Amino acid sequence: MPMPESFKEYTELVCQQLRWKKARSIIKQEIEAHLCDQRDALMKNGMDEDSANRESIRQMGDAVEIGMELDRVHRPRPAWEMFALTALLAFIGIFIKIFLTYDSNTPMQPIYSAVAVLLGTGCMLGAYFLDFTLIGKYPLLIYFGAALSVVALCLVSGQRMLNGKYYYAQYVLLLYPLAFAALLYRLHGKKYTGLFLALAGVGLLSFCCFLVPSVGGLAITVVSALALMIVAAAADWFSTGRARSFIFIGVVTLIAAILLLLSLMTSGGLTARIYAAFNPWSDPMGAGWQSIIVRELVGGARFIGRGSTGEYSTGLSIPCMNSDFLLTWLIHNVGWIAFIVIMTIFAAFLFCGFRLCFKQKNMLGKLVSFAVMLILTLQTISYVATNLGFALIYSMSLPLVSYGNTATIVNMALIGVMLSTFRTGSLVKDSTLGHQTTRPRRLRWRNGELTISFKRHIAS
Amino acid sequence: MAIDKSLLTGSTTMLILKLLDGQDMYGYQMIEELAMRSDHTFELKAGTLYPLLHSLEKKELLCSYEKDENTQRPRRYYQISHKGKKLLGEKQAEWTAYSGAINRVMQGGVSFANA
């Protein structure tokens with residue numbers, strides 16, 4: 001039975017009382033369904049349609065009053081603690097650059113960093129107020145856009161590389177876990193096809209990482225993809241059953257690990273790099289020299305104050321020490337106290353961030369927020385490991401704190417996307433985003449019978 | 001017999017949680033079920049129910065999901081959470097103690113006022 005105008009007017013009036021517009025669609029749908037249920041029940045008891053419509057509205061109560069009550073319940077919830085911790089980390093980064101690691105040879109560097117933080121704040125706020133459900137509406141555009149932009153940047157850059165890498169392309173790699181989250185979201189209910197397409201998705205992104213080439217970007221992409229697939233499998237996102245999805249992911253991970261091991265055994269350069277990460281003294285003039293200096297500086301550090309240097313670190317210093325090895329620099333020159341303070345704030349940031357990720361009710365918010373947290377966590381872990389003398393994978397930066405202006409802007413924009421999910425995620429329902437719900441099939445062939453469905457799929 | 005509405009006000013949360021403890025329900029179904037189980041003593045208004053349901057969901061005592069049941073529009077079902085079940089247990093214990101005390105006084109039990 002079609003919905004009468006009076007029901008639409010009633011729900012409109014209820015929704016007008018809600019200041020948070022995003023909450024309106026869900027409430028509108030629920031109130032309309034209630035009115036229709038009420039009307040149908042009254043008509044079943046013998047009431048005519050017009051009277052049933054009027055009585056349903058009467059029983060519902062005053063529209064303005066209900067709207068105001070619902071307005072009190074539905075308010076955007078900014079994650080203030082995450083804002084505060086982001087601002088604190090960015091402030092610490094600027095403070096260190098201006099007051100501790102200032103180099104008169106590069107006087108403009110702290111100013112550039114401050115500008116990067118300002119630009120990053122703009123990007124963060126822009127992403128925060130932008131509707132993150134756009135990722136769910138255009139997942140393939142986002143996925144292929146991210147993948148192809150790296151290819152395009154590599155092609156446009158030609159032979160211009162820095163430290164053997166396409167400089168700007170490597171920062172786009174930071175977006176890859178988010179792009180993969182968008183792809184995973186699109187693969188809802190696709191069963192094994194979805195799982196295989198997800199694998200193909202990781203493969204394409206990994207290929208793009210090799211183009212840059214960036215081992216750090218590859219590690220972030222692959223580890224995040226694995227973690228996101230586990231998050232999706234835990235919710236039976238592929239509709240294969242949780243256990244089957246987990247077994248699939250486990251088998252694929254095992255095969256990938258064996259292939260990695262085989263490639264390491266045949267690649268001398270990679271084997272030397274891994275060996276040097278565990279025992280840098282095995283190659284003191286080659287792959288291990290930076291780690292040896294770092295380990296000496298860290299080993300000779302005091303709790304507060306400047307520490308001592310060792311055999312290697314007395315005469316040698318690492319280039320870009322105050323950017324790529326900022327934590328080592330701080331541990332050596334300021335003491336372990338600086339490291340403990342920064343790590344405590346990072347731990348609080350990661351704890352609060354992951355706690356909010358787990359609280360996300362819809363899959364899009366969960367995948368997007370997890371993707372961003374994984375990007376930030378993996379960068380932090382690899383940076384800290386390198387700065388403590390375990391240089392297996394070099395990180396692009398210590399998010400928000402170390403030098404790396406482009407990385408700062410990208411990381412802050414990603415934090416903005418994540419904060420947007422925390423702010424409005426409670427109201428987003430996966431089924432309201434349209435394409436990813438399993439629509440009823442119009443044509444169905446079963447037991448020799450062809451069924452044609454003429455039922456319209458009603459979008460909210 | 002007419003019942004003072006204020007008696008229901010404080011217990012609505014408990015009643016809603018109890019209804020959902022048995023099965024997941026949508027809003028209209030809850031009103032009907034509550035009226036039926038209480039012999040039409042508790043006639044909950046939809047205008048009271050929905051703000052309450054949304055606020056309980058925000059407090060993570062309930063969660064909701066949509067279910068398409070071949071009706072013209074999908075219905076939003078509510079499900080009690082683990083936290084909600086815990087609160088229901090506490091509220092039920094509180095109610096049992098409270099109603100027991102009221103009954104004892106009303107049925108002429110021990111009165112400390114005259115002791």
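This is a short talk on a structure with chains A and B, taken chain by chain and then at their contact.

The model is predicted, so local features need pLDDT of at least 70, side-chain atom pairs count only at pLDDT 80 or more, and totals for chains, interfaces and linings use all residues. Residues are numbered from 1 along each chain as its sequence is written, while chains are lettered from A and ligands numbered from 1 in the order in which they are written.

I start with chain A. Its secondary structure comes to 20 helices and two strands; helices (H or I, at least four residues) and strands (E, at least two) are DSSP runs, numbered from the N terminus. The C-alpha atoms of chain A fill a box of roughly 95 × 55 × 40 Å, taken along the principal axes. Of the 460 residues in chain A, 43% are buried. Buried here stands for 20 or more other C-beta atoms within 10 Å of the residue's own, exposed for 12 or fewer, and partly exposed for anything in between, with C-beta atoms placed from the backbone.

Where is Asp48(A)? It sits in the loop between α2 (24–44) and α3 (49–60) of chain A. Asp48(A) counts as exposed because it has 9 C-beta neighbours inside 10 Å. Between the C-alpha atoms of Asp48(A) and Ser104(A) there are 87 Å, although the two are 56 residues apart along the chain.

Next, helix α13 of chain A, residues 242–266. Its 25 residues reach 36 Å from first C-alpha to last, close to the 36 Å expected at 1.5 Å a residue; the expected span is 1.5 Å times one less than the number of residues.

Now a helix pair. Two packed helices are described by the angle between their axes and the distance between the axes. The axes of α10 (residues 176–186) and α19 (residues 363–387) of chain A come within 8 Å and cross at roughly 160 degrees. Axes are lines fitted to C-alpha atoms, for helices over the stretch in contact, and angles run from 0 to 180 degrees between N-to-C directions. That makes α10(A) roughly antiparallel to α19(A), a label for angles over 145 degrees; under 35 is roughly parallel, 65 to 115 roughly perpendicular and the rest oblique. Residues making the contact include Phe180(A) of α10(A) and Leu367(A) of α19(A), where contact is C-beta atoms, placed from the backbone, within 7 Å.

On to chain B. An open sheet of three strands has the order β1-β3-β2, with antiparallel pairing; strands pair if DSSP finds at least two bridges between them. The edge strands, each pairing on one side only, are β1 (25–26) and β2 (62–67) of chain B. β1(B) and β3 (residues 75–80) of chain B pair over two bridges, and Tyr26(B) stands opposite Tyr77(B). Six bridges join β2(B) to β3(B), with Glu66(B) partnered by Arg76(B). Helix α4 (residues 46–58) of chain B lies across β2 and β3, at about 115 degrees to β2(B).

Last, the contact between the chains. How many residues does each chain give? Chain B gives 16 and chain A gives 21. On the chain B side, α4(B) gives the most, with seven residues.

Note on methods. Contact = placed C-beta atoms within 7 Å.
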